[in-house]
Amino acid sequence: MSQPSALLTNGLSRRKFMAGTVSAAAAAPLLASRAEGATPVAAEAKLRQPLVTSLRINNQAYELSLDTRTSLLDALRDHVGLTGTKKGCDHGQCGACTVLVDGKRVLSCLSFAVMNEGKDIATVEGIASTDGKLHPMQQAFIDHDAFQCGYCTPGQILSAIGCVNEGHAESESDIREYMSGNICRCAAYPNIVAAILQAREETRGA
Amino acid sequence: MDAAAPKPKENMGEPLPRIDGRLKVTGQAHYPADLPTANIAYGALATSSIAKGKVTKLRLDDARAVPGLLDIVTYGDMDKLEKPKFGNSGATSIGPLHDRRIFHDGQIVALAVAETFEAAEEAAQLIRAEYEEEKPTATFDSPGTATIPAAGRSPLFKEDVKAGDFDAAYAAAAVKIDQRYSTPTQHHNPIELFSTTAYWQGEQLVVHEPSQNVTGWKVELARQLKIDPAKVRIVSPFIGGAFGSKGPMTPRTAIVAIAAKRLGRPVRCVTSRMQAFGTQTYRAETRHRIRIGAGKDGRITAFAHEGWEVTSRPDPYVVGGTSATGRMYDYGSVLTHVSLVQADRNTPGYMRSPPETPYVYALENAMDEMAVALGMDPIEFRRINEPKTEPIGKKPFSSRSLIQCYDQAAAAFGWAKRDPEVGAMRDGDWLVGMGCATAIYPTAVAPCAARVRLTVDGDVRLQCGSHEIGTGVRTVAGQMASERLGVSIDRISVEMGDSSLPPAPVSGGSISTASVCSAVLKACDAIRTKLYAAATAEGGPLAGSRNAEFELVDGKIMAKSGASAKVEDVLKAMQVGAIEEYAEFAPKGATPEALKKLYAGKPEFHGGDQDEDSVKYAFGAEFVEVHINRYTREIRVPRIVGAFAAGRIMNTRTARSQLMGGMIWGIGQALHEATEIDRRYARYVNRDLQDYLVPVNADIKDLQVILVPEVDHAVNPAGVKGLGELGNVGTAAAVASAVYHATGKRIRDLPIRIEQLLV
């Protein structure tokens with residue numbers, strides 16, 4: 001694991017990083033200086049100190065005080081109040097928590113919030129126009145009844161947008177393959193494929 | 001035409017888009033764990049690491065030292081409360097914190113509550129139990145099982161049905177089979193995690209939890225907490241998939257409620273995916289022995305179906321699908337027997353088509369084997385044995401369109417092009433197989449209440465304590481009001497999923513559309529009656545006309561004579577701003593106690609095989625094409641066609657989606673889903689979505705749903721048969737039939753896996 005460097009390259013300033021030695025300790029206990037005489041227990045205790053983290057979500061800036069272990073998913077849901085992003089497994093196995101980070105699909109349950117400083121995060125709440133017009137992918141999901149219970153839907157929609165932008169929606173079989181990280185237990189799969197085909201062109205332009 | 005919105009045929013409603021669609025695609029549909037709650041504390045469960053024994057000591061010191069830890073609820077903290085009850089609203093009688101005994105692996109031993117989710121999880125993982133351990137019994141064939149007859153153990157399974165003299169008929173039959181089949185343990189795995197959020201407002205308890213049964217839970221939770229049910233409110237506006245898993249309440253709910261009370265602040269506990277395998281219900285593994293005897297003409301003369309189902313030690317959970325399989329065809333003689341096999345497991349529970357999925361799988365796989373033994377086309381074999389009355393009580397079917405389903409599905413599938421010879425069809429390196437099977441699901445209905453208000457502005461507000469688990473019940477209830485009141489669907493708001501609303505039955509057994517729509521119909525008709533009375537009263541705009549000659553269209557009362565009056569004007573003349581009607585629907589044959597029981601959360605079910613006049617079922621036929629790689633034996637399902645008849649179809653879009661989802665569930669039953677059990681420890685092994693396989697997008701290719709028109713006025717006032725659990729019945733047998741056709745291998749134990757085809 002190379003968390004400290006990841007933290008640094010992810011936009012945390014060196015100064016912030018050093019000020020929050022707690023986070024360094026959290027990420028790599030080896031860095032906790034034994035010369036300072038800190039016992040492992042003390043380092044552990046400090047580990048739970050919150051870290052102030054700046055996130056840009058749906059073009060809005062948020063400053064959050066977070067336990068460094070907080071996933072991006074829990075930060076969105078519990079700390080920002082954007083509950084559209086769903087927790088289905090917390091293990092990166094179901095896709096319900098998919099968001100776009102710098103335009104690419106990311107499983108927000110497998111990403112610590114603090115790793116996302118300075119990045120552009122898009123969630124299902126932020127993809128419609130400000131005038132209320134739905135994103136073409138959202139409209140296509142309604143048109144093709146591409147959901148039943150609706151729980152996996154935010155993740156499916158973000159994943160579908162990512163899939164199109166990656167160039168993995170060129171054929172129906174490609175769509176099926178590259179959308180297979182998003183489980184729909186109600187099994188709306190054929191309708192999801194139809195929705196992506198409908199919204200493909202407009203999504204490329206969006 | 002868009003495949004998702006089939007053109008309505010006779011007795012079918014318009015394919016309106018879901019009225020909550022916009023909320024669902026914008027992230028504004030709030031599932032229970034999404035509902036904003038201030039000052040929340042987080043709970044995490046600690047669960048047992050053994051399946052049988054006793055907790056002798058619980059070490060909490062490490063957990064208590066976690067910064068941010070607020071409380072731990074464990075043994076001793078629930079003693080003054082009532083234990084959970086097993087039944088309609090209760091998943092199990094095991095009160096995990098009432099009793100230090102361990103009945104199954106993954107049993108709750110404590111709830112840690114902390115300021116943050118992370119701290120709660122950390123603390124829960126530091127809780128250490130010490131045990132007095134006993135050797136657990138895992139499943140069939142494990143040492144220590146106890147086998148008991150199922151009949152009479154559950155109000156849902158009263159008897160082993162039988163007819164005629166099976167032994168004599170079977171002995172005399174010219175062609176016969178005697179085979180055994182099995183289905184595995186399965187977990188529902190809705191994508192929404194199980195969760196409870198509880199808070200107290202003085203003496204009033206509010207619980208946000210995904211539920212298929214808010215009224216039943218209100219009553220059961222109040223009983224456990226020894227408080228007035230009026231002081232409990234269950235809120236569940238959207239449910240992220242249920243499939244039966246959110247029907248009965250589990251012991252966690254009361255534990256979280258107590259944590260909230262002790263802390264004086266809201267507590268939310270979201271169960272991990274792994275913990276759900278042991279703390280929620282599941283579909284137990286089943287075994288079957290089927291004997292069929294027939295003459296050389298293909299007429300069945302003898303049918304026997306014996307079933308064995310695993311359950312927990314304390315609770316006699318039974319599905320008993322022989323009630324349906326024993327009535328499926330014109331058998332002549334029928335013998336059935338169901339046994340429960342008790343093991344050290346959590347109590348099983350309803351999972352999509354609980355009796356029919358395993359039992360009809362066994363029956364239909366056997367029917368296919370029998371057709372092969374007779375050298376008959378499997379559709380022809382079923383046609384020959386189509387009954388005029390059901391063989392047990394000799395009652396007529398209220399309607400039965402099975403043969404129409406077979407004919408339409410066979411035509412769409414291209415069955416005529418199938419070469420019946422085993423292994424005769426190829427597509428490059430792929431062996432091609434085609435198979436079919438029957439789907440059946442009982443049509444039941446239960447009492448239900450609804451409140452409908454029509455305002456002078458032309459808006460309609462509909463309230464009913466049913467549950468939107470993804471079936472589209474909100475949409476079809478709104479559609480019913482739209483049709484009866486002549487109001488556009490976009491002027492109708494529908495509130496559901498709250499125990500403070502008029503009570504509805506559990507959203508299980510495919511009864512919701514029939515029950516809810518019947519109640520909405522009754523409320524709307526009461527509003528119509530008031531409108532007509534006012535319009536036709538002396539001095540009214542339609543004075544002198546008779547009620548029967550009216551329709552409500554586009555906000556107007558239209559008389560056959562051509563005269564019309566605006567609803568708005570009628571309400572103004574009545575000097576009211578709105579007409580509101582509260583309707584209580586009770587099905588035909590309901591007992592005098594039926595409505596009282598609805599409010600008590602114990603609704604009566606009617607229909608299925610329970611009525612005097614007829615038996616009531618929905619039917620379908622499913623056709624599957626499989627491709628099996630000749631080298632690797634990889635199994636794919638490139639094509640599946642299902643035709644279904646289910647009385648009045650309220651909305652062809654939502655109906656098709658449910659049937660489609662069911663058929664894909666059926667493919668999962670056939671090829672993917674199985675919870676593996678470590679027999680040494682009676683422990684589920686594959687407790688996550690990586691190792692518990694469910695169908696994904698790449699598993700499904702061409703899928704066609706055919707809605708076969710059917711009219712049935714006997715089932716309920718709405719004329720609706722449920723179809724949420726119809727689509728996944730029979731599918732696995734159709735796949736097994738196709739696999740046999742491709743390979744000559746008859747697979748009788750689900751799921752069908754590559755390794756079974758390699759040997």
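In which sense, parallel or antiparallel, do β15(B) and strand β16 (residues 333-342) of chain B pair? They pair in the parallel sense over 10 bridges, strands being DSSP runs of E with at least two residues, and helices runs of H or I with at least four, numbered from the N terminus, while pairing requires at least two DSSP bridges between two strands.

This is a predicted model, in which local features need pLDDT of at least 70 and side-chain atom pairs count only at pLDDT 80 or more, whereas totals for chains, interfaces and linings use all residues. Residues are numbered from 1 along each chain as its sequence is written, and chains are lettered from A and ligands numbered from 1 in the order in which they are written.

| Residue | Bridge partner |
|---|---|
| Arg289(B) | Glu306(B) in β15(B) |
| His305(B) | Thr336(B) in β16(B) |

Strand β14 (residues 286-294) of chain B pairs with β15(B) in the antiparallel sense over 9 bridges, and the two form a hairpin with 5 residues between them, where Gly298(B) in the turn has a positive phi of about 90°. Because 11 of the 12 residues of strand β15 (residues 300-311) of chain B are buried, this strand is largely enclosed by the rest of the structure; buried means that 20 or more other C-beta atoms lie within 10 Å of the residue's own, exposed 12 or fewer, and partly exposed in between, with C-beta atoms placed from the backbone.

Gly240(B), in the loop between β12 (232-235) and α6 (252-263) of chain B, counts as buried because it has 30 C-beta neighbours inside 10 Å.
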